[in-house]
Amino acid sequence: MVRQIPNLFTLLNLIFGCIAIVFILQTGQSIVLLDNNSGATQVVLAEKMTWGALFIFAAAVVDFLDGFLARMLKVSSEMGKQLDSLSDVVSFGVAPGLILYQLLRISFAQDEGGLDVSMLLLIPAFLYSGAVAWRLAKFNIATNQSSSFRGVPSPAAGLLVASFPLIIWYEYFGIQTLFINRWFLYGIIAVLSYLLVSNHVLMAIKFTDFSFRNNLLKYILLAVSLVALVVLKWLAVPVIFVLYLVISGFAKDTAAVHPVKGSV
């Protein structure tokens, strides 16, 4: 039974992803409110979409815990790795893809007749989901993604997208309209899809020891991330994501070793 504990956490990741999808699809009736007097646009998201985003974050927490427990209990298995990837496709591929889909709908809803937007203009959201599936499949057959990753890890990309409804809901710094700009969203889809399937070497946030010398860049990332979370709140997520990409550019840890169960 002990051997199955990490797998139970992996299934909880999947369940959280399914719950997120239910919430994301229940966006309510009022999605955009136009203030004709001032010419301003106020974005109104139903609270259920923000709950969906929060469940994606919850899925990321248990996704970390399943790998941590597998290593602690020394019960990593091929089945666990496959189950982890299947769960990640739902939680960090399909659910965030639906967030992008809904935000694109909101973007077009601002136009006259925009509620009848063609599906062809919304389907690009699922290019992101396909890129996540591709990245996870590539990870499963790789032999060089333990101490470093090739391409952006799917939880990192999923959390970035999940932060968008939360930034809109809490109206941080008055930039919420940026996240319902269709060209911004199309750009995010293109960039994330590329980063997911690319072979760029990115740092894995795993510690073989806790010495300052061997983990300098990781400690810098963690320290700046904590400050950003306090100051920027949910807006810190995109900032941390970009910082992760920048710091990974300086990382030299590219050793090719066999992958282990964990975030992919």
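**View 1. S87 in helix 3 (residues 78-109).** The structure shown is a predicted model, in which local features require pLDDT of at least 70 and side-chain atom pairs count only at pLDDT 80 or more, while totals for chains, interfaces and linings use all residues. Residues are numbered from 1 along each chain as its sequence is written, and side-chain values use heavy atoms, with hydrogens and water left out. Helices are DSSP runs of H or I with at least four residues, numbered from the N terminus. S87 counts as buried because its relative accessibility is 1%; buried denotes under 20% relative accessible area, exposed over 50%, and partly exposed the range in between (1.4 Å probe, protein chains only). A polar atom of the S87 side chain lies 3.2 Å from the backbone oxygen of T10. With residues up to four places away in sequence not counted, S87 touches T10, N13 and L14, where contact means heavy atoms within 4.5 Å.

**View 2. L166 in helix 5 (residues 154-170).** L166 has a relative accessible area of 1% and is therefore buried. Residues T50, A53, L54, F57, Y172 and W234 are touched by L166, not counting residues up to four places away in sequence. For L166 and L54, which are 112 residues apart along the chain, the C-alpha atoms are separated by 8.3 Å.

**View 3. The largest nonpolar core, with 64 residues.** Such a core is a set of buried Ala, Val, Leu, Ile, Met, Phe, Trp, Tyr and Cys residues joined through side-chain atoms within 4.5 Å. The residues with the most contacts inside this core are I56, L100, L103, Y128 and L192. Helix 3 supplies the largest share of this core, 11 residues. L192 touches Y128, A157, L160, V161 and F241, not counting residues up to four places away in sequence.

**View 4. A nonpolar surface patch made by F64, F68, M72 and L73.** The patch covers about 380 Å², with accessible areas taken from the Shrake-Rupley method with a 1.4 Å probe and, for residues, only the protein chains shown counting as cover. Its member M72 is found in helix 2 (residues 47-73). Patch residues have over 30% relative accessible area and no salt bridge, and nonpolar side chains (Val, Leu, Ile, Met, Phe, Trp, Tyr) are joined within 5 Å. A salt bridge is a side-chain nitrogen of Lys or Arg within 4 Å of a carboxyl oxygen of Asp or Glu.

**View 5. K233 in the loop between helix 7 (216-232) and helix 8 (236-248).** Although K233 is not a glycine, its phi is positive, at about 60°. Most residues other than glycine have a negative phi. K233 is partly exposed, with a relative accessible area of 43%.

Conventions
Helix = DSSP H or I, 4+ residues; strand = E, 2+ residues; numbered from the N terminus. Polar contact = N/O pair within 3.5 Å; in protein donor to acceptor, adjacent residues only side chain to side chain. Patch = residues over 30% accessible without salt bridge, like charges linked within 9 Å, V, L, I, M, F, W, Y side chains within 5 Å.
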